[in-house]
Amino acid sequence: MPFALITGASKGIGKAIARDLAARGYDLLLVARSEDLLKETASEIAAGSRIGCRFLALDLSEEQAAEKVYAYCEQHTLPVQILVNNAGYGLSGPFEKYTGDAYADMLRLNIITLVRLTRLFLPGLKKQPNGFILNIGSSAAYQAVPFLSAYAASKSFVRAF
């Protein structure tokens with residue numbers, strides 16, 4: 001069975017999408033930072049279905065994170081049919097509250113990793129029947145948001161991309 005790869009799958013929207021895809025019969029690869037939450041989520045989903053549910057604990061804001069995910073899929077021969085780029089976060093408060101490195105990490109996750117994952121998996125997805133990509137944005141993508149300016153800008157990128 002083809003796999004659905006879901007980033008940010010340990011809670012919230014990502015977890016809900018994982019449950020839905022499992023109910024549709026897709027095997028899953030769940031990716032997020034928290035190994036404990038991923039284990040719990042994978043066990044919960046697998047127990048309630050007949051699908052295979054793997055997980056990969058990885059900080060997707062790291063340099064080369066997308067390449068690590070892709071290498072994992074290649075190493076384990078996972079035929080990814082669905083890519084859900086859901087992982088993301090925002091830094092809230094006055095802009096000067098955070099360091100440049102903190103903004104770089106957020107933007108790397110919200111934009112760069114999403115683009116790299118898309119680029120890496122797209123050739124294989126095009127070969128899959130009904131392969132597709134779902135990039136999750138935010139309603140913040142539609143306007144500037146006070147005290148969330150960099151986050152809103154990153155989600156505007158996702159919407160446009």
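A search of the whole structure finds four aromatic pairs. Rings of Phe, Tyr and Trp (its six-membered ring) pair if their centres lie within 6.5 Å; planes under 30 degrees apart count as stacked, over 60 as edge-to-face and the rest as tilted. Y70 and F121 form an edge-to-face pair, at 5.1 Å centre to centre and 70° between the planes. Y70 lies in helix α3 (residues 65-75) and F121 in helix α4, so this pair ties together parts 51 residues apart in sequence. Helices are DSSP runs (H or I, at least four residues), numbered from the N terminus.

The model is predicted: local features need pLDDT of at least 70, side-chain atom pairs count only at pLDDT 80 or more, and totals for chains, interfaces and linings use all residues. Residues are numbered from 1 along each chain as its sequence is written, and side-chain values use heavy atoms, leaving out hydrogens and water.

F121 is buried at 5% relative accessibility. Y70, at 27%, is partly exposed. Buried means under 20% relative accessible area, exposed over 50%, partly exposed in between (1.4 Å probe, protein chains only).

T118 also sits in α4 (residues 100-127). T118 is buried, at 9%. Beyond its neighbours within four places in sequence, T118 is in contact with L83, N85, I133, N135 and F161. Contact means heavy atoms within 4.5 Å.

Ring pairs also link F95, Y98 and Y103 into a cluster. Y98 is partly exposed at 24% relative accessibility, while Y103 is buried at 9%.

Methods. Helix = DSSP H or I, 4+ residues; strand = E, 2+ residues; numbered from the N terminus.
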